[in-house]
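Here is a short briefing for a first look at this structure. Start with the picture, then read the points below.

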Amino acid sequence: MFDSKFFEIVSNKRILVAGDVMLDKFYLAKLDKFSSDAPIPVAKITRREACPGGSANVARCLAALGAKPLLAGFVGRDHNCESLMELLYKSHTDTHGLFFTDYPTTTKVRVIAKNHQVFRLDFEVDTQYPDELFEKLLRYIHKHLNHTLDAVVIADYEKGVCTEHFCQALIADCHWHGTPVIILPYGVNWIKYQHADYIVPNVAKLNRILLSPISASDDNASLAAAHYVSRKFAIRSVLATRSGYGLTLVSPNISQHFRTKQQLLIDPAGAADAVCAAASLAIAAGVKLELAAKLSNIVAGIAVSQPGSYAPTVEDVINNF
């Protein structure tokens with residue numbers, strides 16, 4: 001099913017990812033002494049790593065699976081942007097949709113010791129982006145919709161881009177052009193996602209909008225929650241990820257669970273991005289939603305079985321099928 005022929009069919013799909021662009025930095029450290037001028041541990045840095053984060057990581061995952069991603073969002077004129085641009089160039093992601101602002105590039109810096117996160121530094125906007133920036137962003141996306149996109153992903157991390165006005169304007173424009181819209185949601189205001197075609201939440205994100213939280217292990221509750229989201233927000237299809245319990249797909253004429261292949265859980269970081277990328281690629285290629293769910297399941301298992309924010313490749317999927 002997911003062999004080289006399958007990826008020949010789905011490869012080179014043009015998928016635009018709009019949303020909160022980030023850079024993730026990791027400082028691996030040793031904590032073996034305390035400061036002489038304060039009662040705090042000293043972190044001796046032994047290794048530094050960086051990778052695209054937020055919507056940029058969704059684009060990176062799409063590229064790893066053979067798509068041609070275009071990334072749209074806001075960045076600052078700073079060294080973090082330079083690092084991010086270099087990483088995106090290496091991952092073959094089109095960055096012409098990134099617009100410079102007077103604010104810092106959203107960046108998360110994590111210090112990790114003995115496989116545990118010690119603390120995190122966040123560099124991000126704490127005020128609303130100007131309207132003229134959103135106008136530029138929407139014009140850029142509209143131009144590419146006119147030149148045919150296979151799908152659009154709205155990747156929301158509540159960092160200021162995915163406002164209700166922006167999301168609704170983009171969803172309407174995509175529908176006018178007949179382009180499917182996939183949502184990677186965040187937060188509690190899901191009204192801004194209404195009328196989207198697809199949404200890919202995990203159980204933790206679902207629980208933020210449900211009156212009664214559900215367990216990832218509960219098939220019936222997961223199905224009910226997915227139907228609730230579909231009805232309440234007029235979203236045609238819901239693909240809910242349930243950690244080690246697989247995925248639940250609700251769509252017109254489909255209500256189905258997909259069990260995951262047992263994998264050693266190493267690091268769940270970035271798994272939601274990888275799942276969204278896999279589902280978006282399959283949707284862009286026009287394959288059956290059941291296949292999209294199965295591909296997402298495989299990609300999720302690969303992503304969590306690797307350290308750090310890992311972008312599963314075509315070869316990974318073929319070897320794990």
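The notes below go from the whole chain to single residues.

This is a predicted model. The chain holds 10 helices and 13 strands. Its C-alpha trace spans about 65 × 45 × 45 Å along the principal axes.

**Whole chain**

- For 321 residues, a compact globule would have a radius of gyration near 20 Å, and the chain agrees, with 19 Å.
- Buried residues account for 54% of the 321 residues.
- Take the contacts between residues at least 6 apart in sequence: 68% of them join residues at least 24 apart.

- F74 has F99 in β5 as its bridge partner.

- Is strand β12 (residues 247–251) mostly covered or mostly open? Mostly covered: 5 of its 5 residues are buried.
- In a regular strand, side chains alternate between the two faces of the sheet. L247, L249 and S251 point one way from β12, while T248 and V250 point the other way. All of these residues are buried.
- Strand β11 (residues 237–241) runs antiparallel to β12, and 4 bridges join the two. Here A240 has T248 as its bridge partner in β12.
- The hairpin of β11 and β12 has 5 residues between the strands. S243 in this hairpin takes a positive phi near 50 degrees.
- β12 also pairs with strand β13 (residues 254–258), in the antiparallel sense, over 5 bridges. V250 stands opposite S255 in β13.
- The hairpin of β12 and β13 has 2 residues between the strands.
- N253 lies in the loop between β12 and β13. N253 is not a glycine, yet its phi is positive, about 75 degrees. With a relative accessible area of 83%, N253 is exposed.

**Helix α8 and the cores**

- Helix α8 (residues 271–285) has 15 residues. From first C-alpha to last, α8 reaches 21 Å, close to the 21 Å expected at 1.5 Å a residue.
- α8 is mostly covered, with 13 of its 15 residues buried. Just after α8, G286 takes a positive phi of about 80 degrees.
- In soluble globular proteins, nonpolar side chains tend to be buried together.
- The largest nonpolar core here has 60 residues. Which element gives this core its largest share? Helix α8 does, with 11 residues.
- V58, L295 and V317 have the most contacts inside this core. Beyond its neighbours within four places in sequence, L295 is in contact with F2, F6, F7, A278, A282 and V317.
- Another core, of 47 residues, lies apart from the largest one. L133, C167, L170 and L206 are among its residues.

**The loop between β9 and β10**

- Q194 is found in the loop between β9 and β10. Q194 is partly exposed, with a relative accessible area of 24%.
- Leaving out residues up to four places away in sequence, Q194 touches Q168, I171 and F233.
- Q194 and R236 are 42 residues apart in sequence. In space they are 9.7 Å apart, C-alpha to C-alpha.
- H195 also has its place in the loop between β9 and β10 (198–199). How exposed is H195? Its relative accessibility is 43%, so H195 counts as partly exposed.
- H195 has a positive phi, near 75 degrees, in a residue other than glycine.

Note on methods. Residues numbered from 1 in each chain as written. Predicted model: local features only at pLDDT ≥ 70, side-chain atom pairs only at ≥ 80, totals over all residues. Heavy atoms only, no water. Expected span 1.5 Å × (residues − 1). Buried < 20%, exposed > 50% of the residue type's maximum accessible area, 1.4 Å probe, protein only. Pairing = 2+ DSSP bridges. Core = buried A, V, L, I, M, F, W, Y, C linked by side-chain atoms within 4.5 Å. Contact = heavy atoms within 4.5 Å. Rg over C-alpha atoms; globule rule 2.2 N^0.38 Å.
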